[in-house]
Amino acid sequence: PYPAIPDVFFAWPIAKLRHQMIILDAFIPLHDTIVGDRALVRGGGLTAKAIWALEWAALHLANVIISDTDQHGNFLAEEFRLDRRRIQTILVGAEPIFRMPATQPSADLDLTEAVGKPIILFYGQLIPLHGLSTILDAISRTAADPIHWVIVGRGQEERVLRDFIGQELPGNLRWIPWIDYERLPAMIARSTVALGVFGTGAKSGRVIPNKLFQILAAGKPVITRASPAVDFLAEAYPQTLITVPAGDGAALAAAARDAVAHPVKLRPL
């Protein structure tokens, strides 16, 4: 199950009785996400310690642990004192819907203000890992450029976006709080280039977000932060996967200008 941490405690006695292995998907680490990345719970407090202990116990009950990157696996092994050989890396990939022709019309794609302009798309839950402030900085820096930015999503840092729109009144930005998941491929197809993550936290450097594979599967290039997790892919596919330093709005703005000036036509996977 996903996320798997709570369920492993119910699965373990059944697996034990049936002499079966438990394979646990650790794609979302509880303590690192809740306490570290999203800062929803104060680090060092009783709640944080309880979450860490729960995760430690769950991981130690599993026979095999699946991680999304080698770097994430290394973190889990060190943080929870696990035998690294028990952790296997499987890249998250993309759902089949993103590999299909994205030609379905959608009311959410009414972007008349962007007619004739290249579109840079970001979609996500607006969590700290995404680096929303870096994206907004890049939007400000490209206000005079013939570029239109589209942000799809809402979440923890939504207030930052609302304040930016209210204060800056950006003419080059469209915010769409929500669209149905099935319409995302059409939105990606409409864009010139899409965005990954730009957060400066440790977790941002250990993961390759699902959206990167979705965007690439749909045949569009992506700009994201450089990190040990993603650099090997960026080096292999420099025109497809463009990286910039974490938290650097100026670098993102420059990469956006270059991407729209030299668009890459990709074949959907």
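Helix α3 comprises 16 residues, 46–61, and at 1.5 Å a residue it should span 22 Å; in this predicted model the C-alpha atoms at its ends lie 23 Å apart, which agrees with that expectation.

Ala48, Ile51, Glu55, Ala58 and Leu59 are the buried residues of α3. Viewed down the helix axis, these buried residues fall within an arc of 95°, so they line one face of α3. On the face turned away from the buried side, α3 carries the exposed residues Leu46 and Lys49. The buried residues of α3 pack against helices α1 (8–18), α2 (30–37) and α4, and also against strands β1 and β2.

Three strands make up an open sheet with parallel pairing, in the order β1-β2-β3. Strands β1 (23–25) and β3 (87–89) stand at the edges, each with a single partner strand, so one side of each has no neighbour in the sheet. From one strand to the next, the twist averages 30°. The parallel pairing of β1 with β2 (residues 64–67) runs over three bridges; within it, isoleucine 23 has valine 64 of β2 as its bridge partner.

Helix α4 (residues 70–79) packs on this sheet, where it touches β2 and β3. The direction of α4 makes about 165° with that of β3. Helix α4 is also one of the elements against which the buried residues of α3 pack.

Conventions: Residues are numbered from 1 along each chain as its sequence is written. This is a predicted model: local features need pLDDT of at least 70, side-chain atom pairs count only at pLDDT 80 or more; totals for chains, interfaces and linings use all residues. Side-chain values use heavy atoms; hydrogens and water are left out. Two strands pair if DSSP finds at least two bridges between them. Helices (H or I, at least four residues) and strands (E, at least two) are DSSP runs, numbered from the N terminus. Axes are lines fitted to C-alpha atoms, for helices over the stretch in contact, and angles run from 0 to 180 degrees between N-to-C directions. Contact means heavy atoms within 4.5 Å. The expected span of a helix is 1.5 Å times one less than its number of residues. Buried means under 20% relative accessible area, exposed over 50%, partly exposed in between (1.4 Å probe, protein chains only). The arc is that of the directions from the helix axis to the C-beta atoms.
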